[in-house]
Amino acid sequence: MRRLRLVFGILIAALSISIGVAALYLSKGAPLSVMATPAADAATQQRSGVEITYIANEGVLLSADGKQVLIDGLHRNERPFSHYAFLPPAERDKIETAQAPFDKIDLLLVSHRHYDHFHAEGVGLHLKHNPKAVLVSSQQVVSEVAQNFKEYEAIKTRVLAVTPPLKERVDVKIAGLEFEMLGLGHGSGSFSEIQNLGHIVKLGGKKLLHVGDVEPDAEIFAKFKLVEAGIDVAILPFWFLTGKEGQAIVKEHIKPKHLIAVHTETLKAASITSQIKEAFPDAVVFTTMLEKRRY
Ligand SMILES: [Zn+2]
């Protein structure tokens, strides 16, 4: 497996670098879940480890060592009957316009371009309002931001497209953060052209895995040797923890110390949670937006 370490000290406008042949690949209206009340933020920030704040659907904010990474946290409810969780507009606006407590984000990551994970204007607005934030994502996501965010010229120096192909990975070091991008894909059929990326973020002395909407395909996961990597916290869509194939992948190919389920269907949260607990009693199921966990 090819690996590259990229060190980006200075961002260059719409950076597009290729190193080697196959090495660097630049290239829904559900009712609201209960919202957690912001409590004891200052106290929890000072403790060790990494804090994970559930945003909505697969959105999470990772915080440690004075650094923050937001994955899949800028999306908008554009479908009247979505099964998935979205922040209410007032909270969504805080993220998009980088208001506290979302004013210190260093890095935006997006697994893929689907509406329940990403909104081009939302991402563009956050970058506009938070001059230190950087976006690193697939060419598909970056192209949508470039095409749909009117003020793209003002933010493009902080946007980087990196697209590892299926079953390939790229190491990235940027904005004082280290992470890996994994080409996981989004399954077959109409989603086969979707560039779905996994991420292993190193933060607070932990390795956190986020997989976007990958299908539970053992062959793909075997390729990444995640057990050797030593995953501390795996943040997985709920179907990995309720279906037999996904459960086998978790046990054989990921073996994380801690499990968090996301992407829960809001109307089925209770039954999904009890199914997950049957197979993984210690798993955390994120259903309450803005709830926090520390690892
Ligand atoms: Zn998707």
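Two strands pair if DSSP finds at least two bridges between them. Strands themselves are DSSP runs of E with at least two residues, while helices are runs of H or I with at least four residues, and both are numbered from the N terminus. With that in hand, look at Glu-178: its bridge partner in β10 is Lys-202.

This is a predicted model, in which local features need pLDDT of at least 70, side-chain atom pairs count only at pLDDT 80 or more, and totals for chains, interfaces and linings use all residues. Residues are numbered from 1 along each chain as its sequence is written, and side-chain values use heavy atoms, with hydrogens and water left out.

## Strand β9 and its neighbours

Strand β9 pairs with β8 (residues 169-174) in the antiparallel sense, over 6 bridges. Within that pairing, Arg-169 stands opposite Leu-182 of β9. The hairpin of β8 and β9 has 2 residues between the strands, and Ala-175 there takes a positive phi near 55°. Strand β9 also runs antiparallel to β10, again with 6 bridges.

How much of β9 is buried? Buried means under 20% relative accessible area, exposed means over 50%, and partly exposed lies in between (1.4 Å probe, protein chains only). Of the 7 residues of β9, 6 are buried, so the strand is largely enclosed by the rest of the structure.

## The zinc site

Donors are N, O and S atoms within 2.8 Å of the metal (3.2 Å for Na, K and Ca); water is not among the atoms, so sites may look incomplete. Here the protein donors of the zinc ion are His-112 (NE2), His-114 (ND1), His-186 (NE2) and Asp-213 (OD), at 2.1 to 2.4 Å. Their spacing in sequence is H-x1-H-x71-H-x26-D. His-114 sits in the loop between β5 (107-109) and α3 (120-129), and His-186 in the loop between β9 (177-183) and β10 (197-203), so this pair ties together parts that are 72 residues apart in sequence. Both His-114 and His-186 are buried.

What arrangement do the 4 donor atoms make? Four donors count as tetrahedral if all angles lie between 85 and 135 degrees; four count as square planar and six as octahedral if opposite donors are over 155 degrees apart and all others between 65 and 115; anything else is irregular. The 4 donor atoms around the zinc ion subtend angles of 92 to 167°, so the arrangement is irregular.

Asp-213 counts as buried, at 5% relative accessibility. Its side chain makes a polar contact with the side chain of His-112 (3.3 Å). A polar contact is a pair of N or O atoms within 3.5 Å; within protein, one must be able to donate a hydrogen and the other to accept it, and residues adjacent in sequence count only if both atoms are side-chain atoms.

## Salt bridges

A salt bridge is a side-chain nitrogen of Lys or Arg within 4 Å of a carboxyl oxygen of Asp or Glu. The structure holds 19 of them.

| Pair | Closest N and O atoms |
|---|---|
| Arg-294 and Glu-51 | 3.7 Å |
| Glu-121 and Arg-76 | 3.1 Å |
| Glu-193 and Arg-113 | 3.2 Å |

Take Arg-294 and Glu-51, whose salt bridge has its closest N and O atoms 3.7 Å apart. Arg-294 lies in strand β15 (residues 292-294) and Glu-51 in strand β2 (residues 51-54), so the pair ties together parts that are 243 residues apart in sequence. Arg-294 is partly exposed, with a relative accessible area of 23%. Glu-51 is buried, at 2% relative accessibility.

Glu-193 and Arg-113 form another salt bridge. Glu-193 lies in the loop between β9 and β10 and Arg-113 in the loop between β5 and α3, so the pair ties together parts that are 80 residues apart in sequence. Shared partners also join salt bridges into one network of Arg-76, Arg-92, Asp-93, Glu-96 and Glu-121.

## Backbone exceptions

Most residues other than glycine have a negative phi, and most peptide bonds are trans. A cis peptide bond joins Ala-100 and Pro-101, with omega about 5°. Pro-101 lies in the loop between α2 and β5. Lys-167 has a positive phi, near 70°. Leu-290 has a positive phi near 75°, and this residue is buried, with a relative accessible area of 16%.
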